[in-house]
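Hello,

Here is the structure I promised to pass on. Please open it first; my notes follow below.

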Amino acid sequence: MSKFTFPESIKSRPVYGTLAMRDGPAHLLVADGHGAEAILDVATPIMMTKAHIIYLPKGEKFANRLRSLNPISFYSGPSYSAATSRLVKVLSDAKMGLQVYLAGTEGLIGQAQNAAMEAGIPHNAIQTEHRGSIARRMQCVHCKGITEDVEIDPFICEHCGLSLFVRDHYSRRLAAYQGVCIDAEDPGNIPKSKGIYE
Amino acid sequence: MTIQFNDETFRDDYSFFNSERAIKRFPFPFHEDSYMYSVNMEQHRGGPVDSIYEKRFDVDEHYVAEMRDRALVLADDPLRCQSLPHMTLAGWDLLELIMVTKSEDYPDLFKLHRDGNKWRWVNKPLGIDDKFVFLDETTLPYGPMEYITRQAQGDFCVLDQRDDNLWMDAGMVTTQADWSLDFDIGMNFFEWHAPVPLAHEKGIFVRALKFLLNIQQGAPARRLNWTMTVNPLLDTSPENYHKWGIQKTTLTPKNIGAKQHLRVELQTFFRLPRSNGLVFPIRCYLCSFQDIMTVPKWGRRLHRVIRDLPEELATYKGFIDNRPMMLEYLKNFDDGLPTSLGIWPEIDTEPKLQK
């Protein structure tokens, strides 16, 4: 799958790179969906002798190929939420020098980056590569509820039901972009939704 | 001078008002007839007698009512006050700075008695008389930052300094111009300013950060910023935007003079001694158009500034839709005469309106 080039944006918006192998005593690779392809690209037999892969297929069929890389530990799970306790355990058990690689959707990258930061790894020491869906994880600034996998702008907050426009302002701590009521000054006047980058 | 505290509200019936004294000392933010972003930073070393620059933390007639409004905001949304775990020491620094400063600058209103770490704080306007142990959180009803900023006008951002950057790691934010502490907490200087248009390209934030990183203890700095608010609403938060945004549409040519307020922020910057953090108080002053128009110089100038402001800025500041109505009103107070440089009203020397 070809990589999406995000348009230039404001300084709080994350920028993603391309995963590259870095020397370290251990490697933690976390991916969802097409993020598997970034792992397949970066993986080497030597790296895999010290690697732990956490993968969320989200309907994609890469799990077997990842497993056949023969990492020390491989996990394929149904959701980020389901994988969280495992991820946190791996991070808290980690020794100095652990290399962290995150690939896939912005929501997965953001949440896993946040977990790594909580474990004391500086955000700029974590490698990220965007692959697959361009959907965003959105926080409603009004009710604070998170809506996952938002592909359209405006969208309806799944918690409070307000129609929100999609901002580029991003919080690493929340691993989410900000959604703000679009019709506050003209109630009911909600433009037709379109794709975020259309 | 003795301050008469107003019994007033910043919501619902909006009984907020400025006395004649408050209008004269309003921090009109335009020193010339046009406006563009700049690093308009200067030392915060006092100013003309009775001006808002005179004291380190200005206390005015709105003090008691503003603190009442803050308590209401916090009861409704406790996330307006947050402090990341490593910021507690900076909170104590801030508590000390405000208590020491206010008791020195307003001895008839605030008193601080210190016996080693045993402190007694008396805040007469709010009827507070508390004893506590400095640096011992268990002896205060709130964390140190929250305790003292429930007693100090203006929002407070407490910034951590590391990696040659400033980090928004704590704050009390209930009177903000449409930004969310809960969303921005933990961001660095460039990230929390990311949504501001034009200023990044002009290098404003790079220069401002360089200046701020070098602020020394005992040498605070200040600048003014501004925006527009319909009704004297302090809590123009994004959290409540779906509730207050509609108020922007209630302006009419008849009520605009009373309803439209120029909202000015006095931003000051103090180095904190133990934590090496930086505290960034953002004090909000509101003044209705009709009150501003009682100062001829300000009337002339406000018309020219709003008329010539770049569209991006009027959009960012949220009044692009109301700008034509504002200009219709303001032009009545602009007779084309020149204005003197500087922000001060100069009522005695500037000519009266020639219309």
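Start with strand β5 of chain A, residues 127–130, which is covered on both faces. A:Gln127 and A:Glu129 are buried on one side, and A:Thr128 and A:His130 are buried on the other. Bear in mind that this is a predicted model.

The partner to look at is strand β4 of chain A, residues 99–104. β4(A) runs parallel to β5(A), and four bridges join the two. A:His130 in β5(A) has A:Gly104 opposite. Between these strands the chain passes through helix α5 of chain A, residues 106–118. That β-α-β crossover is right-handed.

Next, helix α4 of chain A, residues 80–93. Its 14 residues should span 20 Å at 1.5 Å a residue, and the end C-alpha atoms are 19 Å apart, so the two agree. Still, α4(A) has a kink of about 25 degrees, centred on A:Arg86. Which residues of α4(A) are buried? Among them are A:Tyr80, A:Ala83, A:Leu87 and A:Val90. In an α-helix there are 3.6 residues a turn, so residues three or four places apart point the same way. The cover over the buried residues of α4(A) includes β1, β2, β3 and α5 of chain A.

Last, the contact between the chains. Here 17 residues of chain A touch 18 residues of chain B. On the chain A side, β10 (163–171) and β11 (176–181) are the elements that give two or more residues. β11(A) has the largest share, three residues. By class, this side of chain A holds eight nonpolar, five polar and four charged residues.

Best wishes

Conventions:
Residues numbered from 1 in each chain as written. Chains lettered and ligands numbered in written order. Predicted model: local features only at pLDDT ≥ 70, side-chain atom pairs only at ≥ 80, totals over all residues. Buried ≥ 20, exposed ≤ 12 C-beta atoms within 10 Å, placed from the backbone. Pairing = 2+ DSSP bridges. Right-handed = clockwise from strand over helix to strand, strands pointing away. Contact = placed C-beta atoms within 7 Å. Nonpolar A, V, L, I, M, F, W, Y, C, P; charged D, E, K, R; others polar. Expected span 1.5 Å × (residues − 1). Bend = angle between axes of the 7 residues up to and from the residue.
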